[in-house]
Amino acid sequence: PEIGPAIAELIHSACLFFRESGFAERALAVYQAALEWYVMTPGEKQQTSMSHRLREFRQMWNSGWPRIGAESAKGWTAYLAADPAAPTDPATSPQGESSASTIDAWCDLEMRRSKLAMVPHLLDLTKRDSEHIESVDPFSIVVFDDVEPYLADLRPNAATAQMLVDGFLQFLGVVGPQTRVLSGRSGHASELVWTVPGIGDDMFTVIDEHSLWPIPAAPGNPEADPERAFPFVSVPVTLDTPDTPLPYVHACPWMQPANAAYRGIAHNALMQLQRAEQLDERSRMQLSVAQLEWAFVQSTDNGSAMGRCLLAQRPECLALWNTLAKMHARTGNWPEARRVWAAALAAAPTLPAAEQPWVAVLCKSWTVLEAMHGGGVPAGIGVLAAVEDPDALKRLAGMPAADGECDLGADLECARRIIDKLGQFQGVDTPNEARLAVGVLRQWAAYAARRDPQAALAEYRQQGCGADTEAGELAICSLLLFHIRSSRVHRIGDLRQRLQTALLAYPHTCAPRLTGGADRQLAAVLRAHAGAALADVRALGVFLASGSGDCRRQALRRLVRDGRSASAAAWLALVAFEWRRDARARAKRALLAALRRCVWAKPLYMAALGGPLAGEFDGSERQALLRAMVRAGIRTHIIFATE
């Protein structure tokens, strides 16, 4: 079992390396082969010999049978029982013999072709004639011999399967490079995880779309400030995504891959992986929740349709009901959110005993989000007080957003009794989300009594927040930040001290939630941690801190480790920063340093040969860069034909 996670990390790094070198089709194919082999292989097939499985897998792979992520994929073992017709080929990949006579024309064609060449070409090599095969770009065909080195004889291992699924979602750009959906936090972070997900755009587009989340425009500021964008969000992904007083984008781990092909593959793979036997029931449920949340990131209509589909399959799953309600609330559809929460809580007493601990999670989610974004703190406490009254739940389902005035004293007394009762459902098998929910409810009840954050902090220290201390830190920080944003009288030192503790323990997680914080002193906390061990924390220190240009430049230089970094994305961030500050000479020097360190990275060469920075290189320098690409073995689609 110990070798499995190491193989998963090796496959992930290899696929990132292939893609950055221009071999995007091979990168995707290797990941598809790994998922089919390690995750989608049924248990009975694992009992057969390695040679027998490899022989059958080779037969499937070279037949053009749809692989995971394809709309019609059914798993590689389904091929053995099927009588497949000749598969329909995707759109023909661009041929490799196209040429251009000028560097500018070559760059333009190369970028356009690179954007199209992301998915391997499926061919039945046993039926196609050689003339047909030769008409296709040879690099777009990934045969079994290309993926066989990554297939090992491992016993079924849930940890390896979880790491491969997480790596695949990171590879596609569904989550950031430090976000793990199924597996635990990695003990170390490879620099290669900071990668460039696609090739074919200029470097500014790459950085803005693939490395940064833009902060939404404020009501008084119609345009988002590019200087206050921040890299991938990393929060603990569980069956109950953290709640925050900030807009959901600041705690949303889900992203929309820039490449349309990756979006389709991610959508299909999330559904197909829920059938994987190598994943346990909780992992499959987590993928269902992830699919629902990710559908809402695409659009509200997609999310609503996906919610109906998933709940039809799992009507008794309170975690799915809670996720659907939370996503409606986060998109501003409070009437529908309250209706879903009320219906789920009303039906909870009739559900199996295994679902009863999740009642606490529903109560926490509705109470906290109602307090922070809905009717206010009194309304949130009122929700908790009405949990056991079906008629009161019906009234709350139709409550307008501003309706929060009630008898807070009576509601608080009732809410405390309900919290104690919810705590009685906790046992050895109680999920961490339920333990956390009870602790968070106690904190909010203590806070609501006198609007005193010290009372919440005292409750946090006394009761704790269950087994998941990372999510517990996020919860108490959210309460303190809510108090600062909503109260005229507050002590910024309480939050700053709590944040410093949280950042030291979980620097990659807590920092993104402070975007647009209540006080400039919060930005100082981030600047103080700009040189931490994780690459994403250093970048967060750059893009979140409200410091001077020199301060940001120094942080970015730490990001590239004073010239020793192997991350093309980190180097591009530094180049883009210098260019936007009109420091063209510095931008050119940084790009040349990046090329010396990351000789395989095609995005760096394309940034020098095409786009805004191309004017800084003369003809001989650009010719030298083209020759360097050839020596490095970087894959190109267009032949540069000199006159």
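Biologist: How much of the chain's 643 residues counts as buried?

Modeller: 59% of them. Buried here is under 20% relative accessible area, exposed is over 50%, and partly exposed is in between, with a 1.4 Å probe and protein chains only. Before we go on, this is a predicted model, where local features need pLDDT of at least 70 and side-chain atom pairs count only at pLDDT 80 or more, while totals for chains, interfaces and linings use all residues. Residues are numbered from 1 along each chain as its sequence is written, and side-chain values use heavy atoms, leaving out hydrogens and water.

Biologist: Fine. How many helices and strands are there in the chain?

Modeller: Helices are DSSP runs of H or I with at least four residues, strands are runs of E with at least two, and both are numbered from the N terminus. The chain has 31 helices and four strands. As for contacts (heavy atoms within 4.5 Å), take those between residues at least 6 apart in sequence: 70% of them join residues at least 24 apart.

Biologist: Now a lysine. Is Lys-364 buried or exposed?

Modeller: Lys-364 counts as buried because its relative accessibility is 5%. This lysine sits in helix α16, residues 358-373.

Biologist: And what does its side chain meet in a polar contact?

Modeller: A polar contact is a pair of N or O atoms within 3.5 Å; within protein, one must be able to donate a hydrogen and the other to accept it, and residues adjacent in sequence count only if both atoms are side-chain atoms. Here the side chain of Lys-364 pairs with that of Asp-243 at 3.0 Å. Setting aside neighbours within four places in sequence, Lys-364 also touches Asp-240 and Lys-326, among others.

Biologist: Which side chain makes a polar contact with Lys-602?

Modeller: That of Glu-110, at 2.6 Å. Lys-602 belongs to helix α30 (residues 602-609) and counts as buried, at 1% relative accessibility.

Biologist: On to rings. How many aromatic pairs are there?

Modeller: Rings of Phe, Tyr and Trp (its six-membered ring) pair if their centres lie within 6.5 Å; planes under 30 degrees apart are stacked, over 60 edge-to-face, and the rest tilted. That rule gives 16 aromatic pairs. One of them is Phe-171 with Tyr-262, a tilted pair at 5.8 Å centre to centre and 45° between the planes. Phe-171 is in helix α9 (residues 158-172) and Tyr-262 in helix α11 (residues 260-272), so this pair ties together parts 91 residues apart in sequence. Both residues are buried.

Biologist: What about Tyr-447 and Phe-482: what kind of pair do they form?

Modeller: An edge-to-face one, 6.4 Å centre to centre with 75° between the planes. Tyr-447 comes from helix α20 (residues 432-450) and Phe-482 from helix α22 (residues 469-486), so the parts they tie together are 35 residues apart in sequence. Tyr-447 is buried at 1% relative accessible area, and Phe-482 counts as buried at 8%. Elsewhere, ring pairs link Trp-37, Phe-57, Trp-61, Trp-76 and Phe-144 into a cluster.

Biologist: Which residue has its charged end over the ring of Phe-171?

Modeller: For a charge to sit over a ring, NZ of Lys or CZ of Arg must be within 6 Å of the ring centre and within 35 degrees of the ring normal. Arg-19 does this over Phe-171, 4.1 Å from the ring centre. Arg-67 lies over the face of Trp-61, with 3.6 Å to the ring centre.

Biologist: Backbone next. Where does Arg-451 lie?

Modeller: In the loop between α20 and α21 (453-463). Arg-451 has a positive phi of about 50° although it is not a glycine, and it is partly exposed, at 40% relative accessible area. Asp-582 is another non-glycine with a positive phi, about 65°. Its loop runs between α28 (568-580) and α29 (584-597), and Asp-582 is exposed at 56%.

Biologist: Last one: what does the side chain of Gln-170 have 2.9 Å from a polar atom?

Modeller: The backbone oxygen of Thr-179. Gln-170 is in helix α9 and counts as buried at 12% relative accessibility.
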